[in-house]
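Student: Could you take me through one part of this structure closely, in one connected answer? I would like to follow a single element and its surroundings.

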Amino acid sequence: MFSIRHIVQIMNDSSVDTNSAIGRPPQAGPPLALLATISLALLLAGLVVGVALAGVMPLPYGSATAIQDYVAGHHGAAVAIAVGTFGSSIPLAIYAATASARLRQLGITAPGATIALAGGLLASAGLALSSLTAWTLSRPEVTSDAALVRALYYLTYLTGGPWHVVTLGLLIAGMAVPGLIVGLLPRSVAWAGLIIAGLAELTTLVLIWPGLSPLLPVARFTGLVWLIVAGAQLPLRRQNRRAAQAGAR
């Protein structure tokens with residue numbers, strides 16, 4: 001007869017990572033820090049070129065005339081921003097998939113890994129949709145319709161703003177919470193991620209109070225920088241972090 005202790009031991013033994021059991025090293029996937037760096041660089045490149053060509057984009061809550069003049073007179077800027085933003089969305093999606101798989105390899109069976117995947121894919125989709133609507137706004141045949149321009153401008157802002165930032169916060173939280181609880185990340189990095197994720201979720205209030213719009217770029221860029229740092233810190237094997245912590249003590 002098996003005792004309860006024997007059953008628990010068997011269950012624990014069966015939960016050992018398959019790669020470890022057959023002596024095969026875990027599949028790391030693309031470097032997380034590099035993916036986040038590429039995503040941030042492409043986003044910044046598009047914005048810098050767009051601002052250099054046409055100045056800062058007007059807010060969608062501003063004058064309809066200012067929006068119409070910006071869109072109609074600066075097709076090149078709209079294309080630059082659209083291309084950079086769309087390019088940024090691709091490595092972000094790969095980052096989310098890789099980070100989720102890495103968390104599972106590290107033994108995270110809680111919802112954090114799935115939340116990170118869902119949040120990252122939604123954040124990538126928001127960027128992609130925002131870039132495509134921005135590209136649509138660069139077409140001369142579209143800019144002649146003022147009502148259509150205003151509607152597409154709102155859509156560009158909402159998908160690339162609140163949608164992207166709020167779901168980016170889910171990706172960060174999905175990594176930071178298990179990183180803190182299990183010790184996969186340094187405590188300072190994990191706590192910083194939780195704070196940034198909370199700020200990202202607060203940007204939902206932009207839909208109620210447009211004056212909070214400056215929170216969007218703050219949460220977006222601090223979040224992407226955090227993904228670089230966390231991606232560099234996330235270990236390939238769970239015991240690596242524990243050994244490092246024991247050595248530090």
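Tutor: Start with α5: α3 passes α5 in a left-handed crossing (the near helix is turned anticlockwise from the far one by less than a right angle). Helices here are DSSP runs of H or I, at least four residues, numbered from the N terminus. The model is predicted, with local features needing pLDDT of at least 70 and side-chain atom pairs 80 or more, while totals for chains, interfaces and linings use all residues. Residues count from 1 along each chain, and side-chain values use heavy atoms, without hydrogens or water.

α5 covers residues 75-105, and α3 covers 32-54. They pack at about 170°, with axes 8 Å apart (axes are fitted to C-alpha atoms over the stretch in contact; angles run from 0 to 180 degrees between N-to-C directions). α3 and α5 are therefore roughly antiparallel (over 145 degrees). Their contact has 18 nonpolar, 9 polar and 1 charged residues (nonpolar: Ala, Val, Leu, Ile, Met, Phe, Trp, Tyr, Cys, Pro; charged: Asp, Glu, Lys, Arg; polar: the others, Gly among them).

Now turn to α4, residues 64-73. The axes of α4 and α5 come within 5 Å and cross at roughly 85°. α4 and α5 are therefore roughly perpendicular (65 to 115 degrees). Tyr70, Val71, Ala72 and Gly73 in α4 meet His75, Ala77 and Ile81 in α5 (heavy atoms within 4.5 Å). That contact of α4 with α5 holds 5 nonpolar, 2 polar and no charged residues.

The whole structure has 1 cavity of 30 Å³ or more (on a 1 Å grid, points where a 1.4 Å probe fits but cannot get out; lining residues have an atom within 4 Å of a point). The largest cavity has a volume of about 90 Å³ (the space filled by probe spheres on the points). Tyr70, Val71 and Ile81 are among its lining residues, as are Met57, His74 and Tyr153. α4, α5 and α6 each supply at least two. The lining of the largest cavity is 8 nonpolar, 1 polar and no charged.

Last, the open space. The largest pocket holds about 700 Å³ (an open set of points with protein on both sides within 12 Å along at least five of seven lines). Of its 28 lining residues, Leu47, Met57, Tyr157, Gly160 and Arg220 are closest to the centre. α5 supplies at least two residues of this lining, as do α3, α6, α8 and α10. α8 gives the most, 5 residues. The lining of the largest pocket has 18 nonpolar, 9 polar and 1 charged residues.

Terms used
Parallel < 35°, antiparallel > 145°, perpendicular 65-115°, else oblique.
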